[in-house]
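Q: Hi, I'm new to this one and would like a friendly walk through it. Could you start with the terms I'll need?

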Amino acid sequence: MSVYLTVSKISKSFGSFQALKEASFSVNEGELVCILGPSGCGKTTLLRVIAGLEEQNSGEIVQKGVTISNLPPDQRDFGIVFQSYALFPNLTIKKNIIFGLQTRNQSSEIIENRLNELLSLIGLESHKNKYPAQLSGGEQQRVALARALAPSPGLLLLDEPLSALDAKVRQFLRLEIKNLQKKLGVTTIMVTHDQEEALSMADRIILMNKGVIEQIGTPQELYSKPETSFTADFIGKTNLISAKKISENKFKMFGQEFDCSEPLMSEEITVAIRPEDIKISKQLSEPNIIQGRVLEIEFLGSYSIGQVEVQYNDQKEILICHLPIDNNEQSSIAKNSQISFSLNPNSLKIVSS
């Protein structure tokens, strides 16, 4: 797979505030990459720098072997879709979509063929003579996507394209956009603050925090192999517990010793434990057994989430764990009941603070 875009050590400041600090990554041809992170982490600034809408203070951007760092937006090969749709309200759907083609002096036959192809792709053939105000939010966003794709750009940039839509429409369009992107094979960078969106759509995720790239990897890698406490906490739910190293594969937590499959490098460590990796146990002979009291149970259909209080050395720690429904019924787990659970040594992840 060939590299389509390379971003090298991009930094950007607004006055005394540094929005980006030496951000570096590459995007492969045909890949869908999500830039994910909380509000104010620099993800939209990074997208705007790639588009040429903001000028970086330092660093380089190379698109398909050509350095574009200092080129104006109209000389960069990309299409962009904004959160607000940015459709022309006085133009029909047809005219909105073909607007970019007309400015490129394409023949009427080429324009008509491209229009029909795109309307078919987004499923809005019967709406081409309507105006944006006559469409739903989801339909307007599909029109904005078709307009961005009309000139056949090499790179598609999506800036929080689904955040203005309600949950059900968002879920539907996630799948639509992903399928469309794969069908067309267009290299895509999408900015989002929604981890579920990134996990379900991206080939790879670039996770940002305070202007710095925290970790890059597939959704599975970021979820199952977080490198930092920020990654573990931001991607899915997790329990972060401070512990002390005893030996290379043993540490002390909750006042007792635990085995771990990862080699321990430092004396003070942070252990990340996913709620689904905390297993209810009746076998006290199992490794890494903990006992605690159930404070709360939240029913969520196929499973429940329990808050379990672990007490040790006059200290208390709250763990979030999954309680399977069948297990819940068989064990009669209830609020204030005492339970035992085990922590598999392979599921304990050591992360940097």
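A: Happy to! A residue is called buried when its relative accessible area is under 20%. Keep in mind that this is a predicted model.

Q: Good. How many residues of α4 are buried?
A: In α4, 12 of its 13 residues are buried, so the helix is mostly covered, given that buried means under 20% relative accessible area.

Q: Which ones are they?
A: The buried residues of α4 are G138, E139, Q140, Q141, R142, V143, A144, L145, A146, R147, A148 and L149.

Q: What span should α4 have, going by its residues?
A: With 13 residues at 1.5 Å a residue, α4 should span 18 Å. Its end C-alpha atoms are 19 Å apart, which agrees.

Q: You mentioned α2. At what angle do α2 and α4 pack?
A: The angle is about 30 degrees, and the axes of α2 and α4 are 7 Å apart. Angles under 35 degrees count as roughly parallel, and α2 and α4 are therefore roughly parallel to each other.

Q: Is the crossing left-handed or right-handed?
A: Right-handed, as α2 passes α4.

Q: Which residues meet there?
A: From α2 there are I93, N96 and I97, and they meet V143, A146 and R147 of α4.

Q: Let's switch to α3. Which of its residues are buried?
A: Those are I111, R114, L115, L118, L119 and I122. They sit on the same side of α3, because they cover an arc of only 130 degrees around the axis.

Q: What do they pack against?
A: The buried residues of α3 pack against α2 (93-102) and α4 (137-149).

Q: How many residues does α3 have?
A: Helix α3 has 15, running over residues 108-122. From its first C-alpha to its last it reaches 21 Å, close to the 21 Å expected at 1.5 Å a residue.

Q: What comes just after α3?
A: That's G123, which takes a positive phi of about 70 degrees.

Q: New topic: where does E309 lie?
A: E309 is in strand β17, which covers residues 303-312.

Q: Buried or exposed?
A: E309 counts as buried, because its relative accessibility is 10%.

Q: What is E309 in contact with?
A: If you leave aside neighbours within four places in sequence, E309 is in contact with G292, R293, L295, K316, E317 and I318.

How values were computed:
Residues numbered from 1 in each chain as written. Predicted model: local features only at pLDDT ≥ 70, side-chain atom pairs only at ≥ 80, totals over all residues. Heavy atoms only, no water. Helix = DSSP H or I, 4+ residues; strand = E, 2+ residues; numbered from the N terminus. Expected span 1.5 Å × (residues − 1). Buried < 20%, exposed > 50% of the residue type's maximum accessible area, 1.4 Å probe, protein only. Arc of directions from axis to C-beta. Contact = heavy atoms within 4.5 Å. Axes fitted to C-alpha atoms, helices over the stretch in contact; angles between N-to-C directions. Parallel < 35°, antiparallel > 145°, perpendicular 65-115°, else oblique. Left-handed = near helix turned anticlockwise from the far one by under 90°.
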